[in-house]
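This briefing covers a predicted model. The points below are grouped by topic and can be read alongside the sequence and coordinates.

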Amino acid sequence: MPQALVDARAIVDAASNDADVVRLAPMELDEAEQAIEQAETLWYEEKDADEAGHQAYLVIRRVEIARVVTTGAMAVEEAKALARQREAVLLEIRTAEADRALSAAEKRAEEARRDRAAAEQARMDADQARMEAQQARAEAAALAESERKLREELADLQAQETERGIVLTLGDVLFDVDEATLKAGATQSLARLVRFLKEYPDRQVLVEGHTDSTGTEQYNLGLSQRRADSVVQFLTLNGVAPERAIATGYGKAYPVASNETAEGRQRNRRVEIVILDPGEKAAEEQRPLLPE
Amino acid sequence: MDCSMTRFVLVLLLAAGLGACASVPPPKLEMGKADLALRKAEQADAAHFAPLEMRTARSKLEAARAALREEDNLEARRLAEQAKLDATLAEATAQAAQRQEARDTIRADIEALRAEAERASNRIPGETQ
């Protein structure tokens, strides 16, 4: 057997034992194997060394072809794997891009939601402020109206505002001389007072009887008390709660004019009705029986 | 002597010519196969990827044609057979090289994509501002 064929046989056998070649270039390997078989057979039949050398060349070329085909097929397999990998990377990138886009969109949506909420809040605040302003205006108007009304009513009562409160004075002429009985003129004034007290239930009154300096202390205190009592009795009889009106006789202790003249004495004989401010209690606001 | 010598030479030439003609016919089939293999290899751009094998195949086919012209049919057959496998190897080499190039292109694609993805993910803080 010429060395060329021996070498060629070895080269073929190496390829036959190469799993990659077996798997990826089976046809080319088969052709190489057949070629070496035929070359060996030919050698046994003809013993032609030149032909054997030629056949060995062909066999080796076939093995080379099988190996190159194997290399190409491996490249194809690798390319397929890499293509899958590329798809995975692309998917990864698109997913990441989508995630970024999504989170950016969510951020914008969240901002928009916040803006809308802020706008809505601002609108509600504005509405609220408007309503409050309207209410305040209405309240102010109502207050002004009620104050105006109160003033009118107080004017009706011919009351005076003093530092003690609103004072309604029933003069001496409205009582019988030395008597506590109310004359018709007094009941007219007191009827208006009753209406006023019914309209303003948070107001209480002090009813103070006063006299001039003539007569005994005993007599003056008694008369002034009786006259004050008469007024309170009128109020309670006409539906004013008893605790809202306290009667006190002060006698000559609190003159409003000189007792030297008849006219002064006339003015000192009187019943003063002090209309207390809302919330003030009559029981707490009485003045002492003698000036301090 | 002169005549017999001439006869001897004639017989010899005739025998050689007949022998050549009778033992080895012209390798038409092998020549055609080699030519076809070379054309296929050329179409596969083997001149670029396997220039050595292509040169070898071409020169062997030329040599086979020359041998055929000189009626050396045996040499022509061998040269044609070798030229055919040289061309086939050149074609397979070109094909394998192109497949490797295709694979390397995909590999480069992946690298480029990864680099782009890297830049994109690094860009996030900038984008959100």
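Six salt bridges are found across the interface of chain B and chain A in this predicted model. One salt bridge joins the side chains of A:Glu51 and B:Arg78, at 2.7 Å from N to O.

**Interface of chain B and chain A**

- Nine residue pairs are in polar contact between chain B and chain A, counting pairs with both residues at pLDDT 80 or more.
- On the side of chain B that touches chain A, helix H4 (51–69) and helix H5 (73–128) of chain B each supply at least two residues.
- H5(B) provides the largest share of that side, 28 residues.
- By type, the residues of the side of chain B that touches chain A are eleven nonpolar, seven polar and 13 charged.
- In total, 31 residues from chain B and 29 residues from chain A take part in the contact.
- About 2,600 Å² is buried between chain B and chain A, and carbon and sulfur atoms give 67% of this area.
- Of the area that chain B buries against chain A, 22% is supplied by B:Arg78, B:Leu85 and B:Leu89, more than by any other three residues.
- B:Arg78 is also the chain B partner in the salt bridge with A:Glu51.

**A:Gln55**

- A:Gln55 lies in helix H4 of chain A.
- A:Gln55 counts as buried because its relative accessibility is 15%, and the cut-off for buried is under 20%.
- The side chain of A:Gln55 is in polar contact, at 2.6 Å, with the side chain of A:Glu51, and the side chain of A:Glu51 also meets B:Arg78 in a salt bridge.
- With neighbours within four places in sequence left aside, A:Gln55 is in contact with A:Ala39, A:Leu42 and B:Arg77.

**Nonpolar cores**

- In soluble globular proteins, nonpolar side chains tend to be buried together.
- The largest nonpolar core here has 30 residues, and A:Leu193, A:Val231, A:Leu235 and A:Ile273 have the most contacts inside it.
- Elements of chain A that give two or more residues to this core include helix H4 (49–157), helix H5 (184–199) and helix H6 (217–237).
- Strands of chain A that do so are E2 (165–171), E3 (205–210), E4 (245–249) and E5 (270–275).
- H5(A) gives the most to this core, six residues.
- Beyond its neighbours within four places in sequence, A:Ile273 is in contact with several residues, among them A:Ile166, A:Leu168, A:Leu190, A:Leu193, A:Val207 and A:Val231.
- A second, separate core has 25 residues, including A:Val12, A:Leu58, A:Val68 and B:Ala92.

**Chain B**

- Chain B has five helices and zero strands, so its elements run α-α-α-α-α from the N terminus on.
- Of its 129 residues, 33% count as buried.
- Among contacts in chain B with a separation of 6 or more, residues 24 or more positions apart account for 72%.
- B:Glu71 sits in the loop between H4 and H5 of chain B.
- B:Glu71 counts as exposed because its relative accessible area is 57%, and the cut-off for exposed is over 50%.
- B:Glu71 and B:Pro26 are 45 residues apart in sequence, and their C-alpha atoms are 7.6 Å apart in space.

Conventions:
Residues are numbered from 1 along each chain as its sequence is written. Chains are lettered from A and ligands numbered from 1 in the order in which they are written. This is a predicted model: local features need pLDDT of at least 70, side-chain atom pairs count only at pLDDT 80 or more; totals for chains, interfaces and linings use all residues. Side-chain values use heavy atoms; hydrogens and water are left out. A nonpolar core is a set of buried Ala, Val, Leu, Ile, Met, Phe, Trp, Tyr and Cys residues joined through side-chain atoms within 4.5 Å. Buried means under 20% relative accessible area, exposed over 50%, partly exposed in between (1.4 Å probe, protein chains only). Helices (H or I, at least four residues) and strands (E, at least two) are DSSP runs, numbered from the N terminus. Contact means heavy atoms within 4.5 Å. Buried area is the accessible area (1.4 Å probe) that two parts lose on being put together, summed over both. A salt bridge is a side-chain nitrogen of Lys or Arg within 4 Å of a carboxyl oxygen of Asp or Glu. A polar contact is a pair of N or O atoms within 3.5 Å; within protein, one must be able to donate a hydrogen and the other to accept it, and residues adjacent in sequence count only if both atoms are side-chain atoms. Ala, Val, Leu, Ile, Met, Phe, Trp, Tyr, Cys and Pro count as nonpolar, Asp, Glu, Lys and Arg as charged, and the others, Gly among them, as polar.
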